[in-house]
Amino acid sequence: MKDFFYAIQDLFVNVLFSPLDALRALELENWFLANGISWIFMIIGFIAMVYWMIQLKGFNDNNEEDKSISSHSFL
């Protein structure tokens, strides 16, 4: 059973985390490339926020939003 857990450790440490080890080594040479994954997520988040704002503006321009003070019956 002990070998099973050592195999899991070997899989994660030597195989699955090797790209992250490469990024860690790259950080000493170029910070922007080493944080490339973060930059990609930031760009995706910015694009999603812009898309969301455009959709909200479209609903606002069509007057589809219920802007009454008590929009729910229980209020």
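What radius of gyration does the protein chain have, and what would a compact globule of 75 residues have? The protein chain has 24 Å, whereas a compact globule of 75 residues would have a value near 11 Å. Please note at the outset that this is a predicted model.

**The whole chain.** Begin by selecting the entire protein chain and displaying its C-alpha trace. Along its principal axes, the trace spans about 65 × 40 × 15 Å. Next, colour the chain by secondary structure. Four helices and zero strands are present, and the order of elements from the N terminus is α-α-α-α.

**The surface.** Now display the accessible surface of the protein chain. Its area comes to about 7,100 Å², and carbon and sulfur atoms account for 68% of that area. Of the 75 residues, 1% count as buried, where buried denotes under 20% relative accessible area.

**Helices α1 and α2.** Select residues 2-16, which form helix α1, and then residues 18-26, which form helix α2. Two packed helices are described by the angle between their axes and by the distance between those axes. Here the axes of α1 and α2 come within 5 Å and cross at roughly 45°. The two helices, α1 and α2, are therefore oblique to each other.

**The contact between them.** Finally, show the side chains at this meeting point. On the α1 side, select Val13, Asn14, Val15 and Leu16; on the α2 side, select Ser18, Pro19 and Asp21, which the α1 residues meet. By class, the contact of α1 with α2 has four nonpolar, two polar and one charged residues.

Conventions
Residues numbered from 1 in each chain as written. Predicted model: local features only at pLDDT ≥ 70, side-chain atom pairs only at ≥ 80, totals over all residues. Heavy atoms only, no water. Axes fitted to C-alpha atoms, helices over the stretch in contact; angles between N-to-C directions. Parallel < 35°, antiparallel > 145°, perpendicular 65-115°, else oblique. Contact = heavy atoms within 4.5 Å. Nonpolar A, V, L, I, M, F, W, Y, C, P; charged D, E, K, R; others polar. Rg over C-alpha atoms; globule rule 2.2 N^0.38 Å. Buried < 20%, exposed > 50% of the residue type's maximum accessible area, 1.4 Å probe, protein only. Areas by Shrake-Rupley, 256 points an atom, 1.4 Å probe, with all protein chains shown as cover.
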